[in-house]
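Work through the exercises below with the model open. Try each task before reading its solution.

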Amino acid sequence: MMTRDKKYTAQAYKALTGNEVDADKIEYYSLKDRFEGAPRYNDLAFVVDGWHMMILIEHQSTINPNMCFRMLEYFVYLLDQYIRKNKLNKFGVKEMRLPKAEFYIVYNGDEPLKENFLKLNLGSITASAEVLDIHFENLKDKSKDNALAGYARFIDFSKSMGVIDAIKATREEGYLPQFFQEGTWGPRIFARKCIHH
């Protein structure tokens with residue numbers, strides 16, 4: 001959902017941080033590389049305004065203390081993609097203007113969340129990710145135009161019912177009605193994509 005429509009991406013970012021970004025200035029980045037011989041893809045990464053910041057958002061249903069390392073690994077691969085795409089010269093004498101990283105983990109697992117930050121310290125390399133609980137009942141903003149609230153509601157429903165029923169229940173509550181009715185993303189197609197993802 002958030003990698004197909006910049007409107008939803010901007011809404012999710014605002015729900016996570018309170019900060020607004022211009023949807024028209026969002027540029028998606030995706031890992032199509034392979035890690036250790038197995039395909040692995042990042043959940044959501046985008047750059048705002050061409051260079052300002054690269055935001056990585058990963059969804060977890062388990063608490064994983066290694067997420068900071070994984071996100072840092074993703075960031076390095078995505079930065080390389082950014083450098084090639086923008087024809088920057090990493091061997092040149094001029095300093096490259098690179099986006100700063102923001103790491104977010106959205107969590108909706110069964111184990112209680114004990115802390116809101118994960119940190120990684122490897123000598124001179126440090127990374128931290130903000131962990132945000134997206135259980136629907138814990139969200140401050142449950143408004144119908146909040147894409148993150150709609151996503152959280154769908155995830156909650158999908159824990160207790162099939163994907164198609166979860167889509168219908170989410171839509172009946174007024175969340176993400178356009179997304180679940182747009183073109184190829186109707187309930188049955190969406191369910192197939194989820195099952196085969």
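**Exercise 1. Find which residues glutamate 102 is in contact with, leaving aside its neighbours within four places in sequence.**

Solution. Take contact as heavy atoms within 4.5 Å. Glutamate 102 then touches Tyr13, Met53, Met54, Ile55 and Leu56. Helices (H or I, at least four residues) and strands (E, at least two) are DSSP runs, numbered from the N terminus. Then check its cover. Glutamate 102 has a relative accessible area of 12%, so it is buried. The classes are buried under 20% relative accessible area, exposed over 50%, and partly exposed in between (1.4 Å probe, protein chains only).

Two conventions apply throughout. This is a predicted model, in which local features need pLDDT of at least 70, side-chain atom pairs count only at pLDDT 80 or more, and totals for chains, interfaces and linings use all residues. Residues are numbered from 1 along each chain as its sequence is written, and side-chain values use heavy atoms, with hydrogens and water left out.

**Exercise 2. Which side chains make a polar contact with the side chain of glutamate 102?**

Solution. A polar contact is a pair of N or O atoms within 3.5 Å; within protein, one must be able to donate a hydrogen and the other to accept it, and residues adjacent in sequence count only if both atoms are side-chain atoms. Tyrosine 13 qualifies, at 2.8 Å. Tyrosine 104 qualifies too, at 2.7 Å. Now look at the rings: Tyr13, Phe46 and Tyr104 are linked into a cluster by ring pairs. Rings of Phe, Tyr and Trp (its six-membered ring) pair if their centres lie within 6.5 Å; planes under 30 degrees apart count as stacked, over 60 as edge-to-face and the rest as tilted.

**Exercise 3. Check the length of helix H1 and describe its ends and its cover.**

Solution. The expected span is 1.5 Å times one less than the number of residues. H1 has 12 residues (6-17), so it should span 16 Å; its end C-alpha atoms are 16 Å apart, which agrees. At the start of H1, a side-chain oxygen of aspartate 5 comes within 2.9 Å of the backbone nitrogen of lysine 7. After H1 comes glycine 18, with a positive phi near 85°. The buried residues of H1 are Tyr8, Thr9, Ala10, Ala12, Tyr13 and Leu16. Their cover includes strands E1 (26-29), E4 (44-48), E5 (53-60), E6 (100-107) and E8 (125-133), and helix H3 (147-160).

**Exercise 4. How many aromatic pairs does a search of the whole structure find? Classify two of them.**

Solution. The search finds 6 aromatic pairs. Tyrosine 8 and phenylalanine 179 are edge-to-face, 5.9 Å centre to centre with 90° between the planes. Tyrosine 8 lies in helix H1 and phenylalanine 179 in the loop between helix H4 (163-172) and helix H5 (187-196), so this pair ties together parts 171 residues apart in sequence. Both residues, tyrosine 8 and phenylalanine 179, are buried. Now take tyrosine 29 and tyrosine 82: their ring centres are 6.0 Å apart and their planes at 40°, so the pair is tilted. Tyrosine 29 is in strand E1 and tyrosine 82 in helix H2 (residues 67-85), 53 residues apart.

**Exercise 5. What lies over the face of tyrosine 8, and what sits over the ring of tyrosine 29?**

Solution. The test is NZ of Lys or CZ of Arg within 6 Å of the ring centre and within 35 degrees of the ring normal. Lysine 7 lies over tyrosine 8, 4.8 Å from the ring centre. The charged end of lysine 85 sits over tyrosine 29, 4.9 Å from the ring centre.
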